[in-house]
Amino acid sequence: MSLLHEAVIFLAAAVVAVPLARWLGLGAVIGYLAAGVAIGPAGLGLVGDVHEVMHLAEFGVVLLLFIIGLELQPSRLWALRRPIFVNGTAQIGLSAIPIAAIAYFAGLSPMPAVLIGIVLALSSTAFALQALAEREELTTHHGRAAFAILLMQDLAVIPLLALIPVLAPGGGEAFDPLDLIKTVAVIVAVIVGGRTLLRPVLRMVSASRTNEIFTAMALLVVSGTALAMEWAGLSMALGAFLAGVLLADSEYRHALEADIEPFKGLLLGLFFISVGMGVDLRLLVDEPAPILSIAIGLVLIKAGVLWTVGRLAGLDRSSARNLAIALSQGGEFAFVLFAVMADVALLDAQVMSQLIVAVTLSMGLTPLLFLINDHWWLRWFPHTRKPFDHIESSHHRVIVAGFGRFGQIIGRVLRARGIAFTALELDSDQVDFVRRFGNRTYYGDASRSELLRAAGVEQAELFVLAVQDEAASLRIARAVRELAPELRIIARARNRQHAYKLMELGIRDVVRDTFDSSLRAAGNVLRGLGFSEGQARFTTETFAAKDEERLFEAFGSHDDLDKMIELAQRSASELEKLFAEEHPKDGRQS
């Protein structure tokens, strides 16, 4: 089969499976896995060479680590040294011990059992980071903790690759001091070259003002560093991460990230598909009990260890639970390390096949566990919900739900005018951060009626709904309407459709994200083109008034696409006619 035919199959499978999985609420990763199972050897058999595909797709993980490295300046990486080495080492050790013990009592020899324990203690960098990125949790406390642990796990792969041949029967003479010298030399060369050569080369390439050449240079930096590390016996992903860190404080960071992002997304999707292709469904059908036991046992052991490590590291229960779910699966390096163990006779081929299928299943469980955590956990175990902060009994005139960037600006204005308010925020990390600046903010889910009552929603004069997430915003709006039907609500809307859903709940004071700031930018654009201050102000104010008028005029017909198009075209025509009649000097109509 030609490369083009395979590419069409991969793209078609992804286009069908990923939107369907997202529609079902399962996330993109499950969609990619399902696509891989469907087209792989155990499914329709449309693509046969799984190992070749996975070898190419692993470059997606390399690009992912490079982009992460671009976000971490060396000083920030140094600040993470404790969570990397302490938390990461604790997670690997505490996870490996019970897994190795189970493998030993299942009949394996001590050395293979220990190695299996260590290998299964490693998590999937690609799956975990992709899941956290989809949930916008990479910058949370548990997101940073997950990244630190994953980085330590990637570091642990290096000695494992070197040790497995040495620990094999008759492998005691496999260690070569020259390999160690070569490894150290490559690391030093990458660091020195990255600090001294990369910037001048990038400056020279960017001076050509040829976008595709700069993109090619970005890919060359990543692939060249990754290959150098692989030649030295290290992880390609670790090499790419190191290259990213070296360029993190350069002026080309954002350009590099923008150029590599599309390739990273496509190759990561291909990686997940290749993992799905590797699932041997026949083995799962023939031996379901041992494989399911390994997969579920692995997830439970690692989740328990990770929750404990997270709590000891200072995470609250909710964050520790998210950390435990994010890293509870087996990792992609298991495919490589188990193959090496089988090659040197440390692992039976049948056992290796069972472990690989179990690791793949554990990866598929990660998005499902997040789904259960988000939608059912707190219903089944309401006592595990973090209690909301105690709120002072003196009720304020204004309640602000959501104290991110939007809510904070409103709070600062109110504070400047001496108006007391109560701020509610669901992200405990954000609560802690905001309190450092002297803003009294309370943790809690503002859609809970008991929290709203404690905040004094029934006595308040005004409720500001500043939550960005559409689903959460609508839940809060309904809860407020039930408790205080007459309370005036000023709500933030992500877009026009969100605004209509709020209006359906009787909310008329709706502020759309970026609308006012976009109008201000449009005014600056007009002034930059030579329009007078009066003309620019008249244009933006008229446009805003007309758009607001159309917003309310279309309400009730906003599900009718033809009607919406008709109204938009009519409004545009009226504005063009109105501005054509404008006085050229002062912006007044003639």
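**Notes on a predicted model: helix α11 and selected sites**

1. Helix α11 (residues 211-231) has 21 residues and spans 30 Å from its first C-alpha to its last, close to the 30 Å expected at 1.5 Å a residue, where the expected span is 1.5 Å times one less than the number of residues. Helices here are DSSP runs (H or I, at least four residues), as are strands (E, at least two), and they are numbered from the N terminus. Seen down the axis of α11, the buried residues fall within an arc of 165°, so they line one face of the helix; the arc is that of the directions from the helix axis to the C-beta atoms.

2. The buried residues of α11 are F214, T215, M217, A218, V221, V222, T225, A226 and M229, while E212, L220, L227 and W231 are exposed on the other side. Buried means under 20% relative accessible area, exposed over 50%, and partly exposed in between (1.4 Å probe, protein chains only).

3. As to the basis of these notes, the model is predicted, local features need pLDDT of at least 70, side-chain atom pairs count only at pLDDT 80 or more, and totals for chains, interfaces and linings use all residues. Residues are numbered from 1 along each chain as its sequence is written, and side-chain values use heavy atoms, with hydrogens and water left out.

4. For the protein chain as a whole, there are 26 helices and six strands, and 48% of the 590 residues count as buried. Among contacts (heavy atoms within 4.5 Å) with a separation of 6 or more, residues 24 or more positions apart account for 72%.

5. S124 lies in the loop between α6 (110-121) and α7 (125-134), and it counts as buried because its relative accessibility is 0%. Leaving aside neighbours within four places in sequence, S124 is in contact with L150, Q329, G330, G331, E332 and M363.

6. Helix α17 (residues 333-343) has F333, A334, F335, L337, F338 and M341 buried, and just after this helix A345 takes a positive phi of about 65°.

7. W23 belongs to helix α1 (residues 3-23) and, with a relative accessible area of 69%, is exposed. How large is the accessible area that L20, W23 and L24 have together? These residues form a nonpolar patch on the surface with about 390 Å².

8. E482 is placed in helix α22 (residues 470-483) and is exposed, at 67% relative accessible area. E482 and S449 are 33 residues apart in sequence and 8.8 Å apart in space, C-alpha to C-alpha.

Note on methods: Patches are made of residues with over 30% relative accessible area and no salt bridge: like charges are joined within 9 Å, nonpolar side chains (Val, Leu, Ile, Met, Phe, Trp, Tyr) within 5 Å. Accessible areas come from the Shrake-Rupley method with a 1.4 Å probe; for residues, only the protein chains shown count as cover. A salt bridge is a side-chain nitrogen of Lys or Arg within 4 Å of a carboxyl oxygen of Asp or Glu.
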